[in-house]
Amino acid sequence: MVVVRMWRRLFGGSAEALDPARADLVVVASSFDDAEASSAVLDRASELDRDADAVLRHHLRLPAEQIEAACEIAGYDGYERAQAPAGSDDLVAVILQRVQRLDPLTCSQERSRMAGLAQRHDGVADGWDALQPARTAP
């Protein structure tokens, strides 16, 4: 079983890709605190299945005229824009998401990448969360 988990982790998990539009996705990890380490977030994420893909979502606020350019750049790394709640100020709420396996290093790298993207487009990266299918009780 350990070999199977290692194989999935190294070579992309299961044959069926996680669909970000699934209705049964729930938040299994999140951080909206710049000072909190990704490793701490993932360590406390008791519902996170580390051997399965998750939908990693970054919550940004951007000026309306910068959204298209920011989304295009994020698209080069496989991110897609998702539905976001309305913004409360001059900035528009934007969620960029992609499916990936979560670990502290990649979460930290992606947080940094999104913070830089938001800053270059006169916006703010508020935080991130990760979704996976809800676990069913045995």
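I began with aspartate 24, which is partly exposed because its relative accessibility is 31%, where buried means under 20% relative accessible area, exposed over 50% and partly exposed in between, with a 1.4 Å probe and protein chains only. I noted that this is a predicted model, in which local features need pLDDT of at least 70 and side-chain atom pairs count only at pLDDT 80 or more, while totals for chains, interfaces and linings use all residues. I also noted that residues are numbered from 1 along each chain as its sequence is written, and that side-chain values use heavy atoms, with hydrogens and water left out.

**Entry 1: salt bridges**

I looked up the salt bridges, each a side-chain nitrogen of Lys or Arg within 4 Å of a carboxyl oxygen of Asp or Glu, and found that the structure holds nine of them.

I then turned to the salt bridge between the side chains of arginine 57 and aspartate 129, which is 2.8 Å from N to O. This pair links distant parts of the chain, since arginine 57 sits in strand β2 (residues 54–62) and aspartate 129 in strand β5 (residues 124–133), 72 residues apart; helices (H or I, at least four residues) and strands (E, at least two) are DSSP runs, numbered from the N terminus. Arginine 57 is buried, with a relative accessible area of 18%, and aspartate 129 is buried too, at 5%. I listed the contacts of arginine 57 (heavy atoms within 4.5 Å), and among them, leaving out residues up to four places away in sequence, are Val27, Ile95, Trp128 and Leu131.

A further salt bridge joins arginine 98 to glutamate 110, with the closest N and O atoms 3.1 Å apart. Arginine 98 lies in strand β4 (residues 92–100) and glutamate 110 in helix α4 (residues 104–120), so this bridge ties together parts that are twelve residues apart in sequence. Both arginine 98 and glutamate 110 are buried, and salt bridges that share partners join Asp77, Arg98, Glu110 and Arg113 into one network.

**Entry 2: the nonpolar core**

I looked for nonpolar cores, meaning sets of buried Ala, Val, Leu, Ile, Met, Phe, Trp, Tyr and Cys residues joined through side-chain atoms within 4.5 Å. The largest has 24 residues, of which Leu96, Leu102 and Trp128 touch the most other members. At least two residues of this core come from each of β1 (25–31), α2 (38–44), β2, α3 (67–75), β4, α4 and β5.

**Entry 3: helix α4 and what follows**

I checked the length of α4: its 17 residues should span 24 Å at 1.5 Å a residue, and its end C-alpha atoms are 24 Å apart, which agrees; the expected span is 1.5 Å times one less than the number of residues. The buried residues of α4 include Cys107, Glu110, Met114 and Leu117, and its buried residues pack against α2, β2, α3, β4 and β5. At the start of α4, I found a side-chain oxygen of aspartate 103 within 3.0 Å of the backbone nitrogen of leucine 105.

After α4 comes aspartate 122, whose phi is positive, near 60°, and which is found in the loop between α4 and β5. Aspartate 122 counts as exposed, at 54% relative accessibility, and I noted that it touches Pro63, Gln66 and Leu91, not counting residues up to four places away in sequence.

Notes:
Polar contact = N/O pair within 3.5 Å; in protein donor to acceptor, adjacent residues only side chain to side chain.
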